Amino acid sequence: MEPLLSVEHVTLRFKGVLALADVSFQVPAGAFYAIIGPNGAGKTSLLNVLSGLYRPQQGHVRFDGRDLDGHSPQARTRLGLGRTFQNLEIFRGMTALENVKLGADLRFGYPALLPRARREQAARAWAEEVMDYLHLAPYRNVPAGMLPYGLQKRVEVARALAGRPKLLLLDEPMAGLALEEKQDLARYLLDARREWGVTLVWVEHDLRAVMELSDGVLVLSYGEVLYEGEPAGARENPRVVEAYLGAEA
């Protein structure tokens, strides 16, 4: 079976600085796949390549049987590739529901098979369902910028999930969250994978969460792949221990 995501020999440079060096890996459908590494390893650059924000000088990205070369970020979104960002990208002046509905509009806006009024009704109903699922319903009419940080992060995840992506890229979704908030978010992501069939690829610095939740891991250092495989194997890999785990190993 062809993997849902296949990255083949991707190399990315910025004015001679090598950000990614011959990176290859595959993610099967239904996986919870982690990309880890020290600061400056190239993790966010890799997500930017996958989502179409950066165009690599070499290599290819295939998603759901399609070669994504030349596809814009918007086109990749319509194909089912969602994304959250390391820095919050919510609309602070809009309500939580309005933010989540923006994601739902992607699901019901392409193709435009329904009349506009029915699309609006369907998108709102789905946004409400996603908010219920992530326990955000009590905050539906609160401006997103007035919510606590942890709830703002949850709104961003809800907006991404409302687009019903086949694959969701998450850039440090647990950064800045308290332990209980991390546990809640982990539960929501696992539930979304089970109930909606979402494949998850996440960049995360919380190694305990990575080891407990992920079923595959890619370790980068200075743009190079140090390890790719099961999470348990990363702990035993000498190059990973030296470059990333250090004393935590």
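Q: What makes up domain 1 and domain 2 in the domain assignment of this chain?
A: In this predicted model, the assignment gives domain 1 as 1-80 + 165-248 and domain 2 as 90-164. These bounds come from an automatic or database assignment. The centres of domain 1 and domain 2, taken over C-alpha atoms, are separated by 25 Å.

Q: How do you know that domain 1 and domain 2 are in contact?
A: Contact asks for heavy atoms within 4.5 Å. By that test, 20 residues of domain 1 are in contact with 16 residues of domain 2.

Q: Why is methionine 94 called partly exposed?
A: Its relative accessible area is 24%. Buried means under 20% and exposed means over 50%, so methionine 94, at 24%, is partly exposed. Methionine 94 sits in the loop between β6 and α3. Leaving aside residues up to four places away in sequence, methionine 94 touches Asn99, Leu102, Val142, Pro143 and Ala144. From methionine 94 to alanine 19 there are 75 residues in sequence and 36 Å in space, C-alpha to C-alpha.

Q: Why is strand β3 described as mostly covered?
A: Five of the five residues in β3 (residues 32-36) are buried, and buried means under 20% relative accessible area. Phe32, Ala34 and Ile36 point one way from β3, while Tyr33 and Ile35 point the other way.

Q: What makes β4 and β5 a pair, and in which sense do they run?
A: With at least two bridges required, the two bridges between β4 (residues 58-63) and β5 meet the condition, and the sense is antiparallel. Aspartate 67 in β5 is the bridge partner of arginine 62.

Q: Which order do the strands follow in the open sheet of four?
A: The order is β2-β1-β4-β5, with antiparallel pairing. Because β2 (17-27) and β5 (66-67) each have a single partner strand, they stand at the edges, and one side of each is left without a neighbour in the sheet.

Q: Which residues have the most contacts inside the largest nonpolar core?
A: They are Val100, Val130, Leu134, Leu161, Met174, Trp202 and Val219, in a core of 48 residues. Helix α5 (residues 149-162) gives the most to this core, with seven residues. Domain 1 and domain 2 each supply at least three residues to this core. Apart from this core lies another, of 29 residues, among them Val7, Val23, Leu167 and Leu218.

Q: What does tryptophan 202 touch, not counting residues up to four places away in sequence?
A: Its contacts include Phe32, Tyr33, Ala34 and Ile35, as well as Leu170, Pro173 and Met174. Ala209, Val210, Leu213 and Ser214 are touched too.

Q: Which residues lie nearest the centre of the largest pocket?
A: Thr77, Arg83, Phe85, Leu106 and Arg159 do, out of 24 lining residues. The volume of this pocket is about 650 Å³. Each of α2 (73-79), β6 (81-83), α3 (96-109) and α5 supplies at least two residues of the lining, and α2 gives the most, with five.

Note on methods:
Residues numbered from 1 in each chain as written. Predicted model: local features only at pLDDT ≥ 70, side-chain atom pairs only at ≥ 80, totals over all residues. Heavy atoms only, no water. Buried < 20%, exposed > 50% of the residue type's maximum accessible area, 1.4 Å probe, protein only. Core = buried A, V, L, I, M, F, W, Y, C linked by side-chain atoms within 4.5 Å. 1 Å grid on protein atoms, 1.4 Å probe; cavity = no way out; pocket = protein on both sides within 12 Å on 5 of 7 lines; lining within 4 Å. Points joined across faces, edges and corners; volume = space filled by probe spheres on them.
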